[in-house]
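Open the structure in your viewer and keep the selection panel at hand. This tour goes through a series of selections and says what each one shows.

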Amino acid sequence: MKGLTKALAVFSMVGGAMFGTQALAEPFKIGVCYDLSKAYTFATPQVAQAAQDLAKLVNMKGGIGGEPVEVIVRDHGNEPQRGIECYSKLSREGVFVFDTLSTPVSLAILPRAMEDGRILMQSLVGRGDAVDGTVFDWVYPIGPTYWGQAANDVAYIKQLHDGDLSDVKVGFVYFDYPFGQEPIEILETLSEKEGFELELYPVPLPGSDQAGVWSKVRRDKPDHVIVWMLGGAHVVASKEMQRNRIPMEKYISVNWLNEVDVANIGTDAAKGIKRGTNVVGGQDVALFKEIMTELYDNGQGSGPIEKTQDVFYNTGLAMYSIMFEAARNAVELEGLPITPTSYKAGLESLKGYDANGLMAPITVTAEDHGGGGQTRIEMWDGEAWVPQTEWISEYGDVVWDVVKESSAKYEQ
Amino acid sequence: MFYRLSGVHHANYVSDSRIFKVPADRNLAVFIFLIGLAAPFIIPSLYLNSYMLPWLIWTAAALGLNLVTGWAGQLHLGYAAVMAVGAYSAIHAARFGVPWEFALIIGGLTSSVIGSLFAFAALRVKGLYLALTTLAMQFVMDWVLTHSPAISGGSHASLQSPTLAFLGQDITSDTGFYYVAFGWCVLVTIFMLNLKRTGLGRALVAVREKDFAAAILGVNSFYYKILAFATSSFIAGVSGALLVATFFFLAAPEQFSVTVSIQVLAMVIVGGLGSVIGSYFGVALILLVPGLVNGLVVTVSEGLGMQINVETLAHIPNAVYGALIVIILLIEPLGLGKLYGNIRDYLMVWPFDQFKK
């Protein structure tokens, strides 16, 4: 029985060696261990395609410090065990920057990355308290945490009500598992601080039945509804809102609401829907246009062009722009070859970086690995997303209290 | 020729009740045991740690499920939940300062108590109804884990496991983790191999075949079913705890979700119900083959210089893996263990069986 596994192991080792000899120059590699076949497929293909396109573009311009870059995309099917396998395998091939875009896998890799001293990028997934750089040396959740994002949503609502939330009622509709439950603590704290009334509406997974939730929302009449759900659940919610005659303007979604969801709701029916985001959506972005002219117009794109017309593609561009920019910084600071420590220094010297207007500017420091956590609220006007706010990051003290409280538990 | 036998003939009860009725089987088992002992020195650390270690722990867990499903014949769809109980209680005990030796036993016993408590209610029904009741247990456990930060440990419900230590010795190396997993798997395997030689094992088989027929023979089927649930839950609990302590290093609800329950059941079924060696094969197929096939497909496509979309690349292994399971179950519905058994039986007296026919 062990013979069989060993034979397979040897076979794949030989295969790996064959592939290894083909690469001539030693490129800067990023391990992209993604879930391309199970739960996260609503976003991973777009993000992976963006990563590959961006790597191509960087290489066309001469790479980083003269060395080519490479993104190695592997599927882990959202299984922690296979994520660890991907991590172990690639780290033996010299990869020291990893991105998983999956909360379970990110959680599973985190203790190893911390132990081995490898960089774990975990934008938008994984444990939010990892922004605390004093505890999580090697983990970089660049972008907003769900806590920060929820706080920014409240700040936006405060703007709408001229700075007074005392007679405002806010509903929170969320998936009843850790992803959706995470912002509750922040919202409760803010509700005490600002004096608004908070109503919680848990939605059982997978969110295909929300009839009870939205008729309760109709009864309670909240002024705004902050929504922490994904993919198809948005479509179900919008149907229920129409049935209950709740105007779309009340709906403020987490960043996981994309063009596919809007198309499924109906571009007209979705008019007024809002989302928090840390990237500029749409195609009117310098980097996006460059990729179109350099790659897709020459038939060099890494996938179908339809996938690029999606905010998650822009999200991917943002995530990987940051990773490549950090590598550039690393070369500038400590020269080639890039090592985990120099890459870490590269990340921590990012100041006000916005990838040429693609995203909220980020500033990473040794203490704040989240980059500042700025987001803005956008509204769908039937044809495009219209920004409702500047890039904001509010209630930093409240958010950091929660972060510190949570990260202290990791150290125990 | 291979087994140097003319057949298996028993002249007395002692020879009939041996674990290995064929000397060659025993020699093979010893040989594999020795390879297992030497594995850290002959297998590269990548394969030792990302394949061998999870394989051994999951095999121990699958053997536990095999006890209740394969031997006692009770379908169990909430096995991962039982593993979670063990994992969480052992880690909480260890975090509280209890030495790991006792923490593991506490984990096992808690699982055992909760597993059999549940079985008390569940065993009032049979067959598919029992399966659904155990599935309910899985959902109850999922709900408890995602709704009680005190158990699941705060941010994104992840609970850090303290450093594993036995007899005052901290275990931190890959080799150390491997030997812990290996030791536990060997222990469970020896227990399962002996099970069929005991009164308990025979009673379980009697219950599996027809519980009221067993009752007529004086076997209290309810008692033995509970016993099977309790024992298998103990194995599940310790395996779950070891899985977190040696492999994941932190516990999260997703590691013990309903999909995992179904995977373990698939391991047992593909491996062969009631087969010890089958559990090893089944776990290898369900746990390791997706990753290996994935690596293989990537290597082949890159070797041939094909430009395949990453998404397609991710789905090909899934298709291959699914097909593999279907093919195996078509060739031998009794699973991989039986497939191995067929080959072994064919070779047992080869080439002389040709003359007999």
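**Stop 1: between the two domains of chain A**

Between domain 1 of chain A and domain 2 of chain A, the rule finds one salt bridge. This is a predicted model. To see the pair, select K404(A) and D132(A): their side chains meet in a salt bridge, with 3.3 Å from N to O.

Now colour the domains themselves. The domain assignment gives domain 1 of chain A as 26–144 + 283–348, and domain 2 of chain A as 146–277 + 375–411. Their centres, taken over C-alpha atoms, are separated by 28 Å.

Next, select the contact residues on both sides. Here 20 residues of domain 1 of chain A are in contact with 20 residues of domain 2 of chain A. The two domains bury about 1,700 Å² between them, and carbon and sulfur atoms give 65% of that area. On the domain 1 side, pick L124(A), P144(A) and V311(A): these lose the most area to domain 2 of chain A, together 27% of what that side buries.

For the polar part of this interface, look for seven residue pairs in polar contact, both residues at pLDDT 80 or more. Then select α4 (103–116) and α12 (311–334) of chain A, each of which supplies at least two residues of the side of domain 1 that touches domain 2. Of the elements on that side, α4(A) gives the most, with three residues. Colouring the side by class shows 12 nonpolar, four polar and four charged residues.

**Stop 2: between chain A and chain B**

Show both chains and select the residues in contact: 56 residues of chain A touch 56 residues of chain B. The area buried between chain A and chain B is about 4,900 Å², with 62% of it from carbon and sulfur atoms.

How many salt bridges are there between chain A and chain B? The count is zero. What can be displayed instead is a set of nine residue pairs in polar contact across this interface, both residues at pLDDT 80 or more.

Now highlight the elements of chain A that touch chain B. Those supplying at least two residues each include α1 (2–22), α2 (44–60), β2 (69–75), α3 (80–92) and α4.

Technical notes: Residues are numbered from 1 along each chain as its sequence is written. Chains are lettered from A and ligands numbered from 1 in the order in which they are written. This is a predicted model: local features need pLDDT of at least 70, side-chain atom pairs count only at pLDDT 80 or more; totals for chains, interfaces and linings use all residues. Side-chain values use heavy atoms; hydrogens and water are left out. Domain bounds come from an automatic or database domain assignment. Contact means heavy atoms within 4.5 Å. Buried area is the accessible area (1.4 Å probe) that two parts lose on being put together, summed over both. A salt bridge is a side-chain nitrogen of Lys or Arg within 4 Å of a carboxyl oxygen of Asp or Glu. A polar contact is a pair of N or O atoms within 3.5 Å; within protein, one must be able to donate a hydrogen and the other to accept it, and residues adjacent in sequence count only if both atoms are side-chain atoms. Helices (H or I, at least four residues) and strands (E, at least two) are DSSP runs, numbered from the N terminus. Ala, Val, Leu, Ile, Met, Phe, Trp, Tyr, Cys and Pro count as nonpolar, Asp, Glu, Lys and Arg as charged, and the others, Gly among them, as polar.
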